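Please read it with the sequence and model in view.

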Amino acid sequence: MIKRTVYLNRINPFIDKDIIKVITGIRRSGKSVLLQQIQDELIQRGKNKSNFIYINFEDLQYESLLDYETLNKELVKRIQQI
């Protein structure tokens, strides 16, 4: 995995800010890789890995979560387990 230092440096000042962050880009442009690198950065800063929820919607095991109500129930269940 190539470390996206330019993007990480641009995102870093906003990581601990109480604002919504949106990462956009065309399909297969590296958004998921960038999010994984942000997660790795946060874990290195001492955040607990169990605080992160990752769902790959291209994985067929999560096909049932494409409905927003089902996704919400799954997220609530996972958050309660933390």
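## Terms and basis

A residue is called buried under 20% relative accessible area, exposed over 50%, and partly exposed in between, using a 1.4 Å probe and protein chains only. Asp-16, at 59% relative accessibility, therefore counts as exposed.

The model is predicted, so local features need pLDDT of at least 70 and side-chain atom pairs count only at pLDDT 80 or more, while totals for chains, interfaces and linings use all residues. Residues are numbered from 1 along each chain as its sequence is written, and side-chain values use heavy atoms, with hydrogens and water left out.

## Overall fold

The secondary structure of the protein chain consists of three helices and zero strands. Helices (H or I, at least four residues) and strands (E, at least two) are DSSP runs, numbered from the N terminus. Read from that end, the order of elements is α-α-α.

Along the principal axes, the C-alpha atoms fill a box of roughly 35 × 30 × 25 Å. Of the 82 residues in the chain, 17% are buried. Contacts are defined by heavy atoms within 4.5 Å. Among contacts with a separation of 6 or more, 45% are between residues 24 or more positions apart.

A nonpolar core is a set of buried Ala, Val, Leu, Ile, Met, Phe, Trp, Tyr and Cys residues joined through side-chain atoms within 4.5 Å. The largest such core has six residues, namely Leu-8, Ile-11, Ile-15, Leu-34, Ile-38 and Leu-42. Two elements, helix H1 (5-11) and helix H2 (31-44), each give two or more residues to this core. The largest share, three residues, comes from H2. In soluble globular proteins, nonpolar side chains tend to be buried together. Leaving aside residues up to four places away in sequence, Leu-8 touches Lys-3, Leu-34, Gln-37 and Ile-38.

H2 has 14 residues and reaches 20 Å from its first C-alpha to its last, close to the expected 20 Å; the expected span is 1.5 Å times one less than the number of residues. The buried residues in H2 are Leu-34, Gln-37, Ile-38, Gln-39, Glu-41 and Leu-42, and the buried residues of this helix pack against H1.

## Salt bridges

A salt bridge here is a side-chain nitrogen of Lys or Arg within 4 Å of a carboxyl oxygen of Asp or Glu. The structure holds five of them. Side chains of opposite charge can pair when their charged atoms come close.

What parts of the chain does the pair Asp-16 and Arg-45 tie together? Asp-16 lies in the loop between H1 and H2 and Arg-45 in the loop between H2 and H3, so the pair ties together parts that are 29 residues apart in sequence. Their closest N and O atoms are 3.5 Å apart. Arg-45 is partly exposed at a relative accessible area of 38%. Arg-45 also forms a salt bridge with Glu-41, with the closest N and O atoms 3.5 Å apart.

In helix H3, the side chains of Lys-77 and Glu-74 meet in a salt bridge of 3.4 Å, N to O. Because Lys-77 and Glu-74 are three residues apart in this helix, about one helical turn separates them. Lys-77 counts as partly exposed at 43% relative accessibility, whereas Glu-74 counts as buried at 17%. Elsewhere, salt bridges that share partners join Asp-16, Glu-41 and Arg-45 into one network.

## Surface and backbone

Accessible areas come from the Shrake-Rupley method with a 1.4 Å probe, and for residues only the protein chains shown count as cover. The accessible surface of the chain comes to about 7,100 Å², of which 52% belongs to carbon and sulfur atoms. Patches are made of residues with over 30% relative accessible area and no salt bridge, with like charges joined within 9 Å and nonpolar side chains (Val, Leu, Ile, Met, Phe, Trp, Tyr) within 5 Å. Ile-53, Ile-79 and Ile-82 make a nonpolar surface patch of about 270 Å². Ile-53 is found in the loop between H2 and helix H3 (68-81) and is partly exposed, with a relative accessible area of 34%.

Most residues other than glycine have a negative phi. Arg-28, a residue other than glycine, has a positive phi near 65°. Arg-28 is in the loop between H1 and H2 and counts as exposed at 75% relative accessibility.
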